[in-house]
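Here is a quick tour of a protein model with its ligand. Keep the structure open while you read and click along.

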Amino acid sequence: MSEHLAARGVSKSYWKGKNEVPVLRGVDLEVEHGELVAIVGASGSGKSTLLHILGLLDAADAGQVFLDGSRIDDSGERARDRFRNRSFGFIFQFYHLLPELTALENVLMPLFIPHGVWSYLGRRRAYERQAAELLERVGLGRRMTHRPAELSGGEMQRAAIARALAGQPEVLLADEPTGNLDAKSGEGVLSLLRDLNRERGLTMILVTHDMQIAQQADRVVRLAEGRIEEWSAALA
Ligand code: ADP
Ligand code: MG
C-alpha cells in the first residue's frame with residue numbers, strides 16, 4: 001500500500017475575543033490507499049476540525065495536506081473546489097439531506113451541481129440510473145421516492161452515503177456517521193461503510209467516539225492535546 005492522504009504539521013486555532021484557543025497543534029497523519037482509519041478523541045478535541053481541513057472544507061493556520069503526494073491545500077480556490085468535489089465524499093452525523101427532495105433527488109444533487117442545467121439534462125437518464133444503482137447498493141432500492149422525513153435515521157444515513165458516493169470520490173470522510181443512530185442501525189451503517197471500503201478500495205477516515213465502532217477500522221488513532229497518537233487496543 002502507498003500513502004493516499006496525509007496531513008503534516010497541521011495547526012489550527014480559534015479565537016475567543018482576544019484569546020487564542022489552539023485546537024490542532026501540529027497534526028501528522030498518513031492514510032494509505034484503501035485504508036479505513038478511525039479517529040477517536042474526546043468531544044471538543046478537534047476531530048471535526050481536522051476532518052474539515054483534510055477535505056478542504058476548512059483551512060489550517062499552518063501545515064500541509066497532501067493527496068497522492070501532491071499538496072492540495074495551497075492551490076487556488078477553484079482548484080480546491082475541484083478537489084473537494086471530485087476527490088472527497090463527506091458524511092455527517094445529522095445526514096444533511098435536503099428535506100424537500102426525495103432520496104433519489106438528494107443523490108442526484110452532487111451530479112447536478114458541477115454541470116449546470118443543460119449538460120445535466122442531456123445526461124439525466126444516465127445519472128438517474130447511476131443514482132438508483134447507488135441507492136440499491138445501500139439498501140434503499142424501495143425508498144427512492146421517499147423524502148427524508150419518511151425515512152428512519154439509518155435510512156437517512158444510507159441515503160447520505162449514496163449521495164457521498166455519487167461523485168465517485170477516492171476518499172470518504174465520515175464525521176460521527178453513527179452518532180445519531182441506535183446501536184443496531186449504527187452497526188448496519190458501519191458494516192455498509194466497511195463493505196464499500198473493501199469492495200471499492202475506497203480510502204476512508206471515520207471520526208467516532210464509539211470504541212466498538214472504531215475497533216472495526218484497520219487502524220485507530222487518537223486526537224489528544226491537538227496531536228495524533230497511534231492508539232493500541234492494549235491500552236484500552
Ligand atoms: P470535536 O469534533 O472533536 O468534538 P471540534 O473540531 O468540533 O471538536 O472542535 C474543537 C474545538 O474547537 C472545540 O473547543 C470547539 O468549541 C472549537 N471550535 C470548533 N469550531 C469552531 C468555530 N467555528 N469557532 C470557534 N470555535 C470553534
Ligand atoms: Mg465533531
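E225 is exposed, because its relative accessible area is 70%, and exposed here means over 50%, buried under 20% and partly exposed in between, using a 1.4 Å probe and the protein chains only. You'll find E225 in the loop between β9 (219-224) and β10 (227-230). Its phi sits near 55°, a positive value in a residue other than glycine. Q168 has a positive phi too, near 50°, and is likewise not a glycine. That residue belongs to the loop between α6 and β7 (171-175), and with 64% relative accessibility Q168 counts as exposed.

A word on what you're looking at: this is a predicted model, in which local features need pLDDT of at least 70 and side-chain atom pairs count only at pLDDT 80 or more, while totals for chains, interfaces and linings use all residues. Residues are numbered from 1 along each chain as its sequence is written, chains are lettered from A and ligands numbered from 1 in the order in which they are written, and side-chain values use heavy atoms, with hydrogens and water left out.

**The whole chain**

How many helices and strands does the protein chain have? There are eight helices and 10 strands, where helices (H or I, at least four residues) and strands (E, at least two) are DSSP runs numbered from the N terminus. The chain's radius of gyration is 18 Å, close to the 18 Å that the globule rule gives for 236 residues, so the chain is as compact as a globular protein of that length. That radius is taken over C-alpha atoms, and the rule is 2.2 Å times the number of residues to the power 0.38. Along the principal axes, the C-alpha atoms fill a box of roughly 50 × 40 × 40 Å.

Buried residues make up 47% of the 236. As for contacts (heavy atoms within 4.5 Å), take those between residues at least 6 apart in sequence: 70% of them join residues at least 24 apart. The chain exposes about 12100 Å², and carbon and sulfur atoms supply 48% of that; these areas come from the Shrake-Rupley method with a 1.4 Å probe, and for residues only the protein chains shown count as cover.

**Around ligand 1**

Which residues surround ligand 1? The shell is Y14, V23, A42, S43, G44, S45, G46, K47, S48 and T49, each with a heavy atom within 4 Å of the ligand. Helix α1 (residues 47-54) gives the largest share, three residues. By type, the shell splits into three nonpolar, six polar and one charged; Ala, Val, Leu, Ile, Met, Phe, Trp, Tyr, Cys and Pro count as nonpolar, Asp, Glu, Lys and Arg as charged, and the others, Gly among them, as polar.

The polar contacts (pairs of N or O atoms within 3.5 Å) include these:

| Side chain | Ligand 1 atom | Distance |
|---|---|---|
| Y14 | nitrogen | 3.4 Å |
| K47 | oxygen | 2.8 Å |
| S48 | oxygen | 2.9 Å |

Taken alone, ligand 1 exposes 560 Å², and the protein buries 57% of that. G44, from the shell, lies in the loop between β3 (36-40) and α1. Is G44 buried or exposed? G44 is exposed, because its relative accessible area is 74%.

**Helices and a strand**

In helix α3 (residues 103-112), the buried residues are A103, L104, N106, V107, L108 and L111. Their cover includes α4 (117-122), α5 (124-137) and α6.

At 18% relative accessibility, E155 counts as buried. Beyond its neighbours within four places in sequence, E155 touches L140 and R143.

N197, in helix α7 (residues 183-200), has a relative accessibility of 3% and so counts as buried. Leaving out neighbours within four places, N197 is in contact with G34, E35, L36, L202 and M204.

Finally, Q64 sits in strand β4 (residues 62-67). Q64 counts as partly exposed, because its relative accessibility is 27%. Setting aside neighbours within four places in sequence, Q64 contacts A6, A7, R8, V10, R71 and D73.

Terms used:
Polar contact = N/O pair within 3.5 Å; in protein donor to acceptor, adjacent residues only side chain to side chain.
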